[in-house]
Amino acid sequence: MTRPRTPHATGPGESPSPSAGLAAVSTALLAMSRHLEVGDVLKTITASARELLDAEYAALGVPDDHGGFAQFVVDGVSEEQWRAIGPLPRQHGILAAMLHEEKAERLADVRKDPRFEGWPSAHPDMSDFLGMPIRDGEETLGALFLANKRCPKPEGGCGFTEHDEELLRLLAQHAAIALTNARLYERSRELTIAEERSRLAHELHDAVSQKLFSLRLTAQAAATLVDRDPVRAKGELQQVAALAAEAADELRAAVVELRPAALEEDGLVHTLRTQIQVLDRAHAARVTFDNQGVRALPPAQEEALLRVAQEALHNALRHSGAGRVDVVLERSGQGAVLRISDNGRGFEPSRVRRAGRHLGLVSMRHRASGVGGRLTVHSAPGEGATIEMEVPGG
């Protein structure tokens, strides 16, 4: 993550000339505008802030719905250091406080701030600190943090200056625009993908239905010819085999085309979070997502968890009359537990098993068992429903 430094045109501790400062800001803004993916934009904002203010370390935190961080991007920390630091705690002292404040924080020594809660043992030591919220109107999109200004510091003094604070404020204003644009782009792409999947599903249904109809008629014809014309019956059965092979080929092609590409690119947690954000905006019900310590799982398990989540969310949003649906993904040993709970009208699970498969419970159980997991259903009339899937990990 560390990156080469650009030599300064001025001496340590000196303010850059106006033209040099504008050039640096322009470079940073151009770098942010080149990316459309949210992840890339977050990394570029963080790296640009560190370069612009000549800090040793930079970080950018994106809030979740519980007072902590959904994403946390760092620059200036090596991959080895980051792995050694380990998972971030749910609350982060002064860092989390920045998500709830509208003003910048410039400190001579962050360790002396009453909100400071210490570092993990592998965390690099930091002293002078500059934090800036990234806001879009009343919404806080994230918070930028810089530490250890690269310049001589007087005893008890702060390395970051008012000029640095103004530069970071300008960068944060443009970062809000870049981040909002990236999110809009991703949402547009998600809607396009959803529309394309719907189109493919209809085409698949039409094509396979036609093949199965032809297969059934041909099989019936073969059955009537077995006794009185075995040669013709054999020809009809060969046609049955050919039609079945064609249907299987179309199904395989559709499965490949419908495989969730976002899952392969972004992983289960990011894909789930993104899809749930779209559902939350598209439906009257409140839909939330909380990840509790889950990172990467075997690909087959991630796909099974995603499919079960999609099916359960569809049921809750379309059939339950729920005003709220909560999705939680939490670590369980080497594996994970997925829990989808709603406050809808509920149902009697035993009756659903007898009455039909419109809630997809059979399919969900098959997906769970297919990856060595298990699925449980908790519901009662008037008490909502909870679908829980556990997988062993790898």
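Which kind of contact do the side chains of aspartate 164 and lysine 149 form?

Mentor: The model is a predicted one, and in it the side chains of aspartate 164 and lysine 149 form a salt bridge, at 3.2 Å from N to O. Aspartate 164 has a relative accessibility of 5%, and a residue counts as buried under 20%, so aspartate 164 is buried. Lysine 149 is buried as well, its relative accessible area being 14%.

Five strands make up an open sheet in the order β2-β1-β5-β4-β3, with antiparallel pairing. The edges are taken by β2 (69-75) and β3 (105-107); each has a single partner strand, so one side of each has no neighbour in the sheet. On average, neighbouring strands are turned by 15° against each other, direction ignored. Within this sheet, strand β1 (residues 55-63) runs antiparallel to β2, and six bridges join the two. Alanine 58 stands opposite aspartate 75 of β2. Helix α2 (residues 38-53) lies across β1, β2, β4 (129-136) and β5 (139-149), and runs at about 150° to β1.

Glutamate 80 and arginine 83 are both exposed, whereas aspartate 164 is buried and lysine 149 is buried.

Glutamate 390 and arginine 374 form a further salt bridge, in which the closest N and O atoms are 3.0 Å apart. Here too the pair links distant parts of the chain: glutamate 390 is in strand β10 (residues 385-391) and arginine 374 in strand β9 (residues 374-379), 16 residues apart. Glutamate 390 is partly exposed, with a relative accessible area of 24%, and arginine 374 also counts as partly exposed, at 47% relative accessibility. Elsewhere, salt bridges that share partners join Lys103, Glu105, Asp113 and Arg115 into one network.

Burial can also be followed in helix α10 (residues 361-370), where Leu361, Met364 and Ala368 are buried. These residues cover an arc of only 60° around the axis, which puts them on the same side of α10. The face turned away from that buried side carries His366 and Gly370, which are exposed. After α10 comes glycine 372, whose phi is positive, near 80°.

Strand β6 (residues 286-292) is mostly covered, five of its seven residues being buried. Seven bridges pair β6 with strand β7 (residues 324-332) in the parallel sense. Arginine 286 has arginine 324 as its bridge partner in β7. Between the two strands the chain passes through helix α8 (residues 299-319), and this β-α-β crossover is left-handed.

Conventions. Residues are numbered from 1 along each chain as its sequence is written. This is a predicted model: local features need pLDDT of at least 70, side-chain atom pairs count only at pLDDT 80 or more; totals for chains, interfaces and linings use all residues. Side-chain values use heavy atoms; hydrogens and water are left out. Buried means under 20% relative accessible area, exposed over 50%, partly exposed in between (1.4 Å probe, protein chains only). Helices (H or I, at least four residues) and strands (E, at least two) are DSSP runs, numbered from the N terminus. Two strands pair if DSSP finds at least two bridges between them. A crossover is right-handed if, with the strands pointing away from the viewer, the path from the first strand over the helix to the second runs clockwise. Axes are lines fitted to C-alpha atoms, for helices over the stretch in contact, and angles run from 0 to 180 degrees between N-to-C directions. Contact means heavy atoms within 4.5 Å. The arc is that of the directions from the helix axis to the C-beta atoms. A salt bridge is a side-chain nitrogen of Lys or Arg within 4 Å of a carboxyl oxygen of Asp or Glu.
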